[in-house]
Amino acid sequence: MVASGQPAPAPNPSRRAGPITCMAAGIRARDRAQAATRAAHWLQPGGMAARAATRRPTEKIRASTPKAPLRESRITSRRRSRSPRAPRPSARSANPSSCRAPVTSTRASTASRAAARGGSTPPAAQTTAAAPRPRPSPTRGKARMDRARSPRPASGRGRRVRNTAARWASPSQDRGSGFSSMTGDSLMALGYRTGSAGPQHVGRISLNSSISSVAQIRSLLAALPGPDAAASAAWAAREPQLTKPAGSLGRLEEVSAWLSAWQGRHPPAMENPVARVYAGNHGVAALGVSAFPAEVTVQMVANFRRGGAAINQLCKTFGIGLDILALDLDRPTADFTRGPAMDEAEFAAAFQAGMDSVPDGADVLVIGEMGIGNTTPAAAVSAALFGGEAADWTGRGTGVEGGALARKIEVVGQGVALHRGLAPLDILRCLGGRELAAMAGAVLAARLGRVPVLLDGYVTTAAVAALELECKGALDHCLVGHVSVEPGHRRLLAALGKDALFDLGMRLGEGSGAALAVGVLKAAAACHAGMHTFAQAGVSDKDGA
């Protein structure tokens, strides 16, 4: 160490500098040379100092702020290469004296700077414009769009979107295994049942029959299948073993036995209930028998399909697949006070449409209707089938009162007087409507396909009453969901020997009461199938065993 106030010793000239010292000295010498070169370029005539003096302030800022090159996306570059645009005129190009000439390319700018410094132009900078990018093939984008539009295979990563306008198909006419992004209600309405394995197709019942006359309907009624004896025996063997007193669940036990017998299996199941609402217009509606005009039928059908009616909410609540069948709404039936409402061909066509609407694989079929003025045909059919005065079978319907109700009773009486004494199916043809004939066809098809049926209210029950009178026991596979406030419905149920499941004062139609009864059927099936037996639960039965 050197004492304070004493001079530092002189360096030893014989001692050599280390490698780090030499490297630092070289870096400092290189920096001094680069600084001198930049100063010379800045101060030489025509150099950067002279050019900077002629720039405007905004150009000085722009020139001193380097910008990173922007990367264009493939879509942007492809669009530019396909449709090149002419350069837009700017304020600078319109007044060349106020600014520098536009630089054509980066390489041209490099060449001009090199020439200004007096150096040689690099070979790479001799090109005045960059080479254009190769234009993509015009068919490349089209081929990509074609691939996007083409349907994908049913298996693999993509699945085909199903045509929602397709009607019912038989199980052999499979329409693919893919599904669109539809709600669960829309899939069930098109004939699919949802479950843990995803939507499953439900095809139409194949009956191998085409109805063209009333005689063919009678031939089908003569060969109706009965309940399944094996399923009924299995139900009878299990029911007494369940952990409850015998008969303590009341009609729920009867309902589960009925389900098992007509579904032809044990235990019964209620995983796939379906509903069909049939719509038609009537010529007698023009006689003032309804509080609403006939065009409401079309409007309500549109409301059903939009999901805005009561039946839509009930089906959504109980997981019921809903479909609407509109039958020639622009062509009402004839006025039955002057002649038959339908000829045999029209009746057979409507009956066939109802048969074709029944899906295969349904656990229960809910029957409903929509038609302005159709309580008038229902009252007329019931009075003609079972006798009595027109006033006994005619009610307020959609709310007619006073003179309108009296006119309705008069119309019913006139129709019954004109067509009294015919066979039951002919009465249905002459006094009914297309939706009534379709409901009768659906009930017959369900019987042939072993599908239990839930009937709704007055109009629905009147539509199928002719089947029971033509063939005793034709409605054994049917339960009635509710009893309507229409006075004729109670009389009709008593004549048919049917007891409704409940009475809530409903008179809407649409299948609303039958859809509500689906909850009762689900409860009955769940209790019978899910309850433990005395042996399983370790509970002693009434005998102490």
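Me: Where is glutamate 510 found in the chain?
Reply: Glutamate 510 is in the loop between helix H21 (487-496) and H22. Both names come from DSSP runs, numbered from the N terminus: helices are H or I runs of at least four residues, strands are E runs of at least two. This is a predicted model, in which local features need pLDDT of at least 70, side-chain atom pairs count only at pLDDT 80 or more, and totals for chains, interfaces and linings use all residues. Residues are numbered from 1 along each chain as its sequence is written, and side-chain values use heavy atoms, with hydrogens and water left out.

Me: Why is glutamate 510 called buried?
Reply: Buried means under 20% relative accessible area, exposed means over 50%, and partly exposed is in between (1.4 Å probe, protein chains only). Glutamate 510 has 5% relative accessibility, so it counts as buried. Its phi is near 65°, a positive value in a residue other than glycine.

Me: Is aspartate 363 buried or exposed, and how do you know?
Reply: Its relative accessible area is 3%, so aspartate 363 is buried. Aspartate 363 belongs to the loop between helix H14 (344-356) and strand S5 (364-370).

Me: What makes the pairing of the aspartate 363 and arginine 265 side chains a polar contact?
Reply: A polar contact is a pair of N or O atoms within 3.5 Å; within protein, one must be able to donate a hydrogen and the other to accept it, and residues adjacent in sequence count only if both atoms are side-chain atoms. The distance between these two side chains is 2.4 Å, and the pair makes a polar contact. A polar atom of the aspartate 363 side chain also lies 2.6 Å from the backbone nitrogen of asparagine 272.

Me: How do you know that the span of helix H11 agrees with its residue count?
Reply: The expected span is 1.5 Å times one less than the number of residues. For the 13 residues of H11 (residues 251-263) that gives 18 Å, and the end C-alpha atoms are 18 Å apart, so the two agree. After H11 comes glycine 264, whose phi is positive, near 75°.

Me: Which elements do the buried residues of H11 pack against?
Reply: With contact meaning heavy atoms within 4.5 Å, the partners include helix H10 (229-238), helix H19 (434-448) and helix H22 (512-530). Trp258, Leu259 and Trp262 are among the buried residues of H11.

Me: What makes the peptide bond from histidine 266 to proline 267 cis?
Reply: Its omega is near 0°. Proline 267 is in the loop between H11 and strand S3 (273-279).
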